[in-house]
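Please view the sequence and the model together.

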Amino acid sequence: MSDNIVLKTNQEIALMKEAGAIVCAILDSVESIVEEGISTMDLEMKARALCKEYKVTPAFLGYCGFPAVLCTSVNEEVVHGIPSKKKILRHGDIVSIDMGVILGGYFGDSARTCIVGEVSKEIHHLLEYTRKALEVGISHMVDGDTLFTLSAAIYKVAEEAGLGVVRKYSGHGIGTKLHEPPAVFNYVPTGYSDIVLRKGMVLAIEPMFTAGSYETRVLRDKWTVVTKDRSYSAHFEHTVAITDDGPKVLTI
Ligand code: MG
Ligand code: MG
């Protein structure tokens, strides 16, 4: 199963670090304008302008027909929310911003959930442990570790925190394509075989947790994924390479 995983050279990882650093810079700028009263389209316009400024190609625009540069997913929206002028951020909301770029043929992909004003303790808990799960996942990006050890470690963080783990969407390999093998599940799936992680693998690790049930459905826009029980959801993602020196986070 690991046969079709494309290993990257140190030079390729260096190129992906350049792409990833730009994703991070754009996300930082977009996050800096998150406040009560602005629309998710305002975030999109900022990201579009920054892609031009940094001379990078946005990775999501047109991908399978997706209509925007950013995925902006508010509150019960898990992933793949479409930016809209009508979607105004309110005090107490959370918004997950997912962004990918292509630079010199290589992709970077990262996401973070931001808070609008002050949020409840419950939401802080959701964000804290989703972020923690990403860190724990990254710590397993070591040659000789295994994919399912990484997945199980992410799952355990959610379980111990009493959070739901979205099943239908996962992380992924990444390189000259946005989505490469393997799928990086946030739980240990049945019907798949585990693989040994090797130097040169680059994976986008992206826990998606909920404050309630893990079940999701897709809205009529055919993109926006929401929790079935309308509980809030958080999403943190980094593109990470396995190197001789251990995990190297490329999207910082
Ligand atoms: Mg992403
Ligand atoms: Mg991704």
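## Overall form

The C-alpha trace spans about 45 × 40 × 30 Å along its principal axes.

This is a predicted model, in which local features need pLDDT of at least 70, side-chain atom pairs count only at pLDDT 80 or more, and totals for chains, interfaces and linings use all residues. Residues are numbered from 1 along each chain as its sequence is written, chains are lettered from A and ligands numbered from 1 in the order in which they are written, and side-chain values use heavy atoms, with hydrogens and water left out.

## Elements and burial

The chain holds four helices and 15 strands, taken as DSSP runs (helices H or I, at least four residues; strands E, at least two) and numbered from the N terminus. Of its 252 residues, 54% count as buried, that is, under 20% relative accessible area with a 1.4 Å probe, protein chains only.

## The magnesium site

D98, D109 and E237 coordinate the magnesium ion (ligand 1) at 2.0 to 2.6 Å; donors are N, O and S atoms within 2.8 Å of the metal (3.2 Å for Na, K and Ca), and water is not among the atoms, so sites may look incomplete. D98 lies in strand β4 and E237 in the loop between β13 and β14, so the pair ties together parts 139 residues apart in sequence. Both D98 and E237 are buried.

D109 also bridges to the magnesium ion (ligand 2), and the two ions lie 3.2 Å apart.

Conventions. Buried means under 20% relative accessible area, exposed over 50%, partly exposed in between (1.4 Å probe, protein chains only).
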